[in-house]
Amino acid sequence: MNTLRLVLFCTIVVLIGMILRAAQAQELPVYSQAISGEPGNGLYMKSVQRRVERISFGDGVASTTLVSLLRRVDGAAETYIWDLSSGTLQIGTATQESKEADQRHVAGRTFADIENGIVRLWSTEGDVRPQRQPDRGTPITLSRSGGVVVSFASSTDQYFVWDASSGTAYVSYTASQVAASITAVEMSLDRKTVVVGTEAGDVLVSSIETGSTSRATLGSAAIRFLRLISPSLLLVGTSDTLGLATVSVSDVITRWSVNHSDILDAVYSKEANTALFISNRGQVWSASIEEGLEAHLTTVAEGASALDVSPDGRIIAIGGSTGLIHLWSLGAMRELVRLAPLESGWLAVTPDGHFDTNLISTDAVYWQLTSMSERVLPLDALTTQLQTPQLVPRVLANEVLAPADFKQISGRLLSARIERVEPDDAAKGTVSITVRVNYADGSTTPPLTGPSFDIRLFRDRRLVAQWPRPANPEKVVIVSNNDQGLKLIFRGVGVPLPTLFGPSESEFSVYAYNNEGVKGQTFREKYKIPTTFAKAEATAYIITVGVDSYRALPTLSFASNDAVALGSAFKSLLVERRSAATGRRIFGRVVWVPLISTTKPAEGRLNNATKRKIVAALKVLAGDDSGKKDLLGVPAAASLRQARAVDFVLVSFSAHGAIYGNQMYLMAADANAGELTRHNHDKKGAISSAELYSLMGSIDSGELALIIDACYSAAALGPNGLKFGTTGMRTLGELAYDKGIAVLAASQADRVAVEESSFSLGALTYALVRKGLQQGEADYRPLDGKITLSELFEYAASQLPIKHSIWIREARKDRLQSKPRTRGTANPPLVAVSDQPPQTPVLLNPQANDLPAIKMCHERCSCASDTPKLTSQQVGYIRSRLELGFSFVAGCRDLGLLPNRSGG
């Protein structure tokens with residue numbers, strides 16, 4: 001018997017080993033779940049032990065906001081806010097100690113939770129305000145809507161019901177009145193009536209005005225939830241019963257009830273006049289309000305744990321027991337998209353495989369395809385085929401996408417790797433890099449060619465070289481291309497030269513697309529910068545283009561003002577940027593080249609914003625001095641040099657924009673819209689998005705930023721205003737991803753950009769310079785006494801659509817109103833500016849965390865100009881709070897130097 005047991009044990013061990021080795025050979029995570037597609041062909045996510053515990057749509061101005069609370073197996077809570085209008089994750093917080101958090105929607109753009117006995121109010125902008133009411137005891141639950149808190153004070157043996165935002169008390173109960181702990185609370189829309197449910201199955205209805213209370217017992221099970229769907233109709237639920245009751249301060253009458261095991265949550269759809277509820281088996285049911293007749297709607301495969309319905313009644317949000325959020329069309333009862341928060345990012349995916357994400361790379365999600373020789377592929381392998389920018393708002397708007405057909409994705413992955421990195425030119429700080437490309441499965445490799453075949457080389461996640469396009473025989477040497485693979489050498493690749501603040505090493509990475517456009521794995525290698533390389537001093541280059549006067553187009557009024565305002569603001573800030581560690585200036589030189597065309601009397605006639613001069617300036621930064629003679633007489637142009645890996649480059653365009661064919665054009669001073677309609681390749685005064693791709697792609701700087709303030713400017717990013725991802729397309733959006741360029745476009749691809757006489761600037765420049773920098777409002781996410789370039793761009797992109805009209809009223813005051821002017825030509829046809837939705841910038845910022853701080857305000861609590869300077873004692877107090885783990889802002893608020901903001 002012992003021998004048989006031993007043989008059986010050994011057999012089991014061998015089988016387990018075989019399974020694990022097979023999984024490892026295919027790089028299959030042992031624990032994973034399919035989140036899109038079909039078994040064996042689809043998108044998989046490594047299992048995360050968490051479930052959606054609460055989910056809620058916003059209302060009013062936040063109606064496109066979705067907030068969710070996820071609970072991990074260790075009891076800790078994670079809170080996420082999604083912006084469905086853009087399909088992005090606005091805020092994600094993992095609270096390690098929040099084991100009693102009960103997160104609910106409050107109102108507008110503000111939300112609440114309970115953590116460690118404290119009610120916290122926080123907004124979609126990330127501002128958090130603790131709400132303490134020590135005389136009312138410990139908070140125990142929150143309402144789903146309305147921001148109502150229930151707390152229990154053991155010292156007085158009382159329950160208090162109060163407003164989460166203002167702290168106003170509504171009603172109170174003695175413990176003997178309640179008889180059991182309060183488990184749920186709700187308030188009427190007119191804010192005159194409070195309803196609470198208890199652990200004993202009782203419902204109490206109280207008038208805030210008179211204090212009178214009615215009581216009814218609806219069963220022996222604890223009340224799990226209460227939903228007031230009208231002033232007198234209440235949905236009430238326990239673990240096994242959903243009922244509808246007529247309530248008043250004098251009586252509670254049950255109209256109907258349905259028995260169903262394991263009810264977790266319920267909501268009311270006004271559109272369908274239906275109650276929707278879920279069971280822990282993942283089943284979603286409806287019950288008609290009139291009769292309580294129930295019907296099964298759908299089943300979520302991995303189980304459902306929470307739900308809500310959008311304010312317009314069109315969309316159901318179902319929280320899954322594995323952390324996914326499923327958005328369904330209520331009318332068609334069809335699943336539209338799934339949302340998944342990931343570490344440092346987010347993923348949206350349709351049931352058939354279209355996806356969108358903000359992650360450059362992740363190992364949390366992967367593809368399994370039976371049609372590929374390598375069955376397991378990274379998420380970004382199929383961006384060319386399946387990534388769909390703006391996926392969430394597009395599917396919520398009922399856009400029909402082409403079916404994702406995994407069977408059409410075939411071929412073999414290419415494996416690119418770096419064999420050698422060698423110093424090339426110590427004075428210039430360049431190296432030569434040898435790269436070899438083979439099939440990843442080890443099979444024999446025929447000569448690698450084809451229209452989609454592409455090799456991309458990166459330094460510190462920024463594109464520095466490609467092959468075979470663009471062809472550059474001076475910098476790329478083909479060693480061999482045969483059945484042993486492709487071997488080539490990239491020459492003259494710059495590295496960050498040693499500086500006072502620069503890194504001591506760089507990371508090179510490389511990947512290749514096969515001829516089917518499928519991306520292979522990324523290979524990475526660290527390179528220690530030789531100490532023999534010449535020392536370097538970092539330089540900031542600023543080129544601002546502003547075109548008021550045109551040869552053959554309508555004039556603009558304030559484009560030249562934009563160029564001056566942006567250039568002078570950035571120059572003055574970057575000149576003073578110092579290292580926090582040494583106090584020494586980070587940039588040894590700051591070169592600002594204004595390219596302006598205007599006839600304003602104060603400036604005289606300038607005509608420096610011609611296409612020839614703009615192209616020449618950008619080419620100098622790329623190391624091409626062939627057009628430098630065209631820059632004679634342009635201020636500071638003689639100081640332009642080839643940008644290096646330690647330099648910072650900012651380029652801005654304020655001009656007319658136009659769309660013709662599949663290209664977006666920036667109109668220089670010598671542009672003529674008529675020339676765009678002719679079939680020629682010599683667009684004398686118009687810079688196409690393809691040309692901008694080539695010009696910006698040739699600049700090899702450490703940091704690179706681009707501002708486009710023109711009509712239809714987001715069209716420059718690519719088809720449908722491409723925003724993010726490796727798509728294999730040669731568009732400005734793709735280039736921004738590859739080179740880490742922060743691109744801020746003033747308007748959507750089909751919308752105009754405006755300039756305001758009240759501002760004497762374009763609206764975008766006003767947001768950036770006047771509001772963001774000069775008034776310090778861009779120090780907001782986080783509010784920490786400094787403004788990074790990323791923070792400034794995010795401020796302008798998010799706040800301009802919301803506050804544009806407010807800023808105009810502030811600026812105009814009692815002055816006569818004047819109409820805004822647009823920065824676009826007559827194609828596409830313009831409509832009245834008043835008929836346009838608010839101007840909404842588009843921000844593409846793939847490496848947000850790497851962008852430099854441009855304004856430091858640590859002598860104040862924020863960058864706002866009206867914030868008082870800190871005394872030495874205040875600085876010492878804040879430092880002591882930082883050592884204890886509190887934030888910079890929390891220290892300022894403790895001192896009363898910052899307001900406790902709760903709103904958005």
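Modeller: A crossing is called left-handed if the near helix is turned anticlockwise from the far one by less than a right angle, and right-handed if the turn is clockwise. Helices (H or I, at least four residues) and strands (E, at least two) are DSSP runs, numbered from the N terminus. The model is a predicted one, in which local features need pLDDT of at least 70 and side-chain atom pairs count only at pLDDT 80 or more, whereas totals for chains, interfaces and linings use all residues. Residues are numbered from 1 along each chain as its sequence is written, and side-chain values use heavy atoms, with hydrogens and water left out.

The contact I would look at closely is that of helix H8 (residues 689-697) with helix H9 (residues 732-739), which pack at an angle of about 15° with their axes 9 Å apart; axes are lines fitted to C-alpha atoms, for helices over the stretch in contact, and angles run from 0 to 180 degrees between N-to-C directions. That angle makes H8 roughly parallel to H9, since angles under 35 degrees count as roughly parallel, over 145 as roughly antiparallel, 65 to 115 as roughly perpendicular and the rest as oblique. The crossing of H8 and H9 is left-handed. On the H8 side the contact is made by Leu692, Tyr693, Met696 and Gly697, and on the H9 side by Leu732, Leu735 and Lys739, where contact means heavy atoms within 4.5 Å. By residue class, this contact divides into five nonpolar, one polar and one charged; Ala, Val, Leu, Ile, Met, Phe, Trp, Tyr, Cys and Pro count as nonpolar, Asp, Glu, Lys and Arg as charged, and the others, Gly among them, as polar.

Helix H5 (residues 559-575) and helix H10 (residues 763-774) pack at about 35°, with their axes 10 Å apart, and the crossing of H5 and H10 is left-handed. Here Asp562, Ala565, Leu566, Ala569 and Leu573 in H5 meet Thr765, Leu768, Val769 and Leu773 in H10, and the residues of this contact divide into seven nonpolar, one polar and one charged.

As for the setting, the protein chain has 13 helices and 57 strands. Of its 904 residues, 56% count as buried, where buried means under 20% relative accessible area, exposed over 50% and partly exposed in between (1.4 Å probe, protein chains only). Among contacts between residues at least 6 apart in sequence, 57% join residues at least 24 apart.

Among the strands, E43 (residues 539-547) deserves attention: nine of its nine residues are buried, so E43 is largely enclosed by the rest of the structure. In a regular strand the side chains alternate between the two faces of the sheet. In E43, Thr539, Tyr541, Ile543, Val545 and Val547 point one way, and Ala540, Ile542, Thr544 and Gly546 the other way. Threonine 539, at 2% relative accessibility, counts as buried; leaving aside its neighbours within four places in sequence, threonine 539 is in contact with Phe587, Arg589, Val591, Arg644, Asp647 and Phe648. E43 is joined by nine bridges to strand E44 (residues 589-598), which runs parallel to it, and E43 pairs in the parallel sense over seven bridges with strand E46 (residues 648-654); two strands pair if DSSP finds at least two bridges between them. Alanine 540 stands opposite valine 590 in E44, and in E46 its bridge partner is phenylalanine 648.

Strand E4 (residues 65-72) has eight of its eight residues buried, so E4 too is largely enclosed by the rest of the structure. E4 pairs in the antiparallel sense over seven bridges with strand E3 (residues 50-57), and likewise antiparallel over seven bridges with strand E5 (residues 77-83). Leucine 69 in E4 stands opposite arginine 54, and in E5 the bridge partner of leucine 69 is threonine 79. E4 and E5 form a hairpin with four residues between them, and glycine 75 in the turn has a positive phi of about 95°.

Finally, four strands form an open sheet in the order E23-E24-E25-E26, with antiparallel pairing. Its edge strands are E23 (263-269) and E26 (294-299), each of which pairs on one side only.
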